[in-house]
Amino acid sequence: MAEKKFRVVHYLNQFFAQIGGEEKANIPPLIREGAVGPGRVLQKILGEEGEVVATVVCGDGYFAENIEAAAERVVELASSYKPDVFVAGPAFNAGRYGVACGGSCSAVSEKLGIPVVTAMYEENPALDLYRKEVYIIPTADSARGMREAILKMATFVRKMGLGQEIGPPQEEGYFPRGLRVNQFVDRTGAERAVDMLLLKLKGEPFQTEYPMPTFERVPPSPAIRDLRSATIALVTSGGIVPSGNPDRIEAASASKFAEYSIAGVDDLTSDAYQTCHGGYDPVYANEDPDRVLPLDAARSLEKDGAIGKLYDLYYVTVGNATSVASAQKFGKAIAEKLKAADVDGVILTST
Amino acid sequence: MRLELGIIEIDDVQFGDETRVEDGTLYVNREELIDLALQDDRLAGADVELARRGEEVRIIPVKDVIEPRVKVSGPGEIFPGVIGKVGTVGSGRTNVLRGAALVTVGRIVGFQEGLIDMSGPGAPYSPFSRTNNVALILRPTDGLAPYAHEEAVRLAGLRAAVYLGKAGTDVAPDEVEVYELSPVTDAALPRVAYVHPLLAQGLLHDTYLYGVDAKKILPTLIHPNEVMDGAIVSGNCVSACDKHTTYHHVNNAAIQELYRRHGKDLNFIGVIITNLKVTLADKERASDYASNLAKLIGAEGAIVTNEGFGNPDTDLMMLCKKMKAYGIETVLITDEFAGRDGGSQSLADATPEASAVVSVGNANEVVTLSPMKRIIGDLKPAEVIAGGFAGCLAADGGLNVEIQSIMGSTCQLGLGKLAARGW
């Protein structure tokens, strides 16, 4: 066997590393040469192909209370052994251990850029924290399922160590990461649709290709009691920007929002403003950008005293084909800025 | 209503002195095609280029794709109410230049034009990478408003396709496909309707039914043969990935599949056209009306397709919910906008009744397209068309774009084999 063995670093808590129970839960990360505890079984399965070169151990309490610092230390310790793969746990249904496994895998993946895998029970609260960035394999809820868990983890570690591609969760058995990935399949969309409808009409089991998401419902804020002393801001997803689109907000699938001053401006004119939104005929918005960002109307409300003051900055992005996740991110960031500026209310226009 | 499609296989396209079909090659008289386009004085210039499947060619920005066809016998004309006279289509014989397509190209109208790569990593995503394309490049007169520009380009494309189609008049077809909704004797087969929403949002997002702007229709019944014979024409600039081009309408994949299963697995009882408009009242009215029609014709199940994304997701969910209330089971065909990392929820609206959904792909997924030897049109708009972004165009002409910008990549009529899966 001239082939070089791939190098694995394993993460365990104080208990499975046989250092101690709850009384040792506060120990900071340390490293042991070679495989320890469940890692020995892993080593046995990997045989000649891979080697568990070291085991990082940390107390569950310490990790949970110092997540960032602990994860950073785990990365340091692991990197000195130049691993090809990092594996953590299994954590079963232990919440703090789950966080330590997920957190250290996530940090190692980000900092060292190597494949990582962990395993835990489906109700472990750490699952939802880390499933998006880390492969997590389902296990039983307690150490009674150790053997089965290690077997499954070893299969993963081996694939990763040999540089093989990890397939979809339905084939590989990890918890779906909540990512949508394109692939070409054997049958057209129309064929799949008619197949699915026939099963549905017969009352036979079928699998939808997109389970409906649950939407975050935003409760409306209480009404503003006294508009006459309120500061009101304008925000739009309709793409109204200074001419030339200085921040180059995309016509669709926007990756950013921008902030511009309207201090001293009473009316948005076609020579100074335009839309950069790609989802509608821009003629009417460009002719009079107030049609999308109603600055002229807001100024007249301000002049009449109906509102206290119009905020000096406005925020803009493009809603066209922009993902819900991006929209949420922009919304939160804009809300924080407005809140910090003591803005009382927002007129939000879409297209 | 019995429609025969005489399929003439076209495997090459060449310039020639006379526009004609010979041994599977479509010869095109360039000058005649240009003159025809310039009949519209809103167009200042026109050119024609050819792109064959497998060539290292990128066509951009593309507006519409149209299959050349000719009415050989029976009533009606090609694209009734738009190019041909108003009159019912869907019966008699129509010859089809299968494997050829007229592609309209030229300066960007809105932002939602797209691209077609004839080879390389982008080719598997577009059905128009597999056709032999006659690209009609159109230049508008100075100062032409976008809506007039769109109309001039749309009509020039349709005129050109009709002109090309005439080359198939006296050619013996390689195969004749017959479409007839014959009565189903097996009463046990489920009665299935097809609900076909047309984008009708205005501001460059329009569709025409027998020449009528689909914004102005109430949902209506139509025989599938009429759709297959050119009753619907695209006039919209929604994103390239999921706009129904005029080619898609006459080759509607959902209709073809329901026809294929008719009398064997199901009883295909008809097509309900509805529209996708912008106000809530319009959405409520259209979805009420379409569901009522489905109930009236005794549908037990329905395939519901979609066009565009975001705003139309609401129409799709309303249709699903209202039909379920009538006891009509649905399967929805939609694409997804799950973000470039695939981590976002994909639709702008949802309802628990939508328990059966076919996903034809995440349009935000990014693909790297290699540089091409020849560009038909202009590469620069790649950064501003929907699915492009600042910096997506490399110095060597390669592109890093969302598949949103590829013509027909996530066709919600179910034409393609792309799917998005949960990972």
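Me: Helix 1 (residues 38-46) and helix 6 (residues 146-161) of chain A pack at an angle of about 50°, with their axes 9 Å apart. What makes helix 1 of chain A oblique to helix 6 of chain A?

Reply: The angle is about 50°. Angles under 35 degrees count as roughly parallel, over 145 as roughly antiparallel, 65 to 115 as roughly perpendicular and the rest as oblique. The value falls in the rest, so helix 1 of chain A is oblique to helix 6 of chain A. Axes are lines fitted to C-alpha atoms, for helices over the stretch in contact, and angles run from 0 to 180 degrees between N-to-C directions. This is a predicted model, in which local features need pLDDT of at least 70 and side-chain atom pairs count only at pLDDT 80 or more, while totals for chains, interfaces and linings use all residues. Residues are numbered from 1 along each chain as its sequence is written, and chains are lettered from A and ligands numbered from 1 in the order in which they are written.

Me: Which hand does the crossing of helix 1 with helix 6 of chain A have, and which residues make the contact?

Reply: Helix 1 of chain A passes helix 6 of chain A in a right-handed crossing. Right-handed stands for the near helix turned clockwise from the far one by less than a right angle, left-handed for anticlockwise. Helix 1 of chain A brings A:Pro38, A:Val41, A:Leu42, A:Ile45 and A:Leu46. The residues from helix 6 of chain A include A:Met146, A:Ile150, A:Leu151 and A:Arg158. Two residues are in contact if their C-beta atoms, placed from the backbone, lie within 7 Å. By class the contact has 11 nonpolar, no polar and one charged residues. Ala, Val, Leu, Ile, Met, Phe, Trp, Tyr, Cys and Pro count as nonpolar, Asp, Glu, Lys and Arg as charged, and the others, Gly among them, as polar.

Me: Why are helix 6 and helix 7 of chain B called oblique to each other?

Reply: Helix 6 (residues 280-296) of chain B and helix 7 (residues 311-325) of chain B pack at an angle of about 40°, with their axes 9 Å apart. The two helices are therefore oblique to each other, and their crossing is right-handed. Among the residues that meet are B:Ala286, B:Ala290 and B:Ala294 in helix 6 and B:Met318, B:Leu319 and B:Met323 in helix 7. The contact divides into six nonpolar, three polar and four charged residues.

Me: What do helix 6 and helix 7 of chain B lie across?

Reply: Helix 6 of chain B lies across strand 13, strand 16, strand 18 and strand 19 of chain B, and runs at about 170° to strand 18. Helix 7 of chain B lies across strand 13, strand 18, strand 19 and strand 20 of chain B, at about 165° to strand 20. These strands belong to an open sheet of six, in the order 16-18-13-19-20-21 (chain B), with mixed pairing.

Me: What makes strand 16 and strand 21 of chain B edge strands?

Reply: Each has a single partner strand, so one side of each is left without a neighbour in the sheet. Two strands pair if DSSP finds at least two bridges between them. Strand 13 and strand 19 of chain B meet this with four bridges in the parallel sense, and B:Val192 has B:Gly301 as its bridge partner.

Me: How do you know that strands of chain A and chain B pair with each other?

Reply: Strand 7 (residues 180-184) of chain A and strand 25 of chain B are joined by five bridges and run antiparallel. In this pair A:Gln183 stands opposite B:Ala419. The contact between the chains takes 70 residues from chain B and 49 residues from chain A. On the chain B side, 37 are nonpolar, 23 polar and 10 charged.

Me: Why is A:Thr208 called partly exposed?

Reply: A:Thr208 has 16 other C-beta atoms within 10 Å. A:Thr208 is found in the loop between helix 8 and strand 8 of chain A. Leaving aside neighbours within four places in sequence, A:Thr208 is in contact with B:Ser355, B:Ala356 and B:Val357.

Me: Which residues of helix 5 of chain B are buried, and what do they pack against?

Reply: Helix 5 (residues 253-261) of chain B has B:Ala253, B:Ala254, B:Ile255, B:Gln256, B:Glu257 and B:Leu258 as its buried residues. Their partners include helix 8 (189-202) of chain A and strand 13 of chain B. Helices (H or I, at least four residues) and strands (E, at least two) are DSSP runs, numbered from the N terminus.

Conventions
A residue is buried if 20 or more other C-beta atoms lie within 10 Å of its own, exposed if 12 or fewer, and partly exposed in between; C-beta atoms are placed from the backbone.
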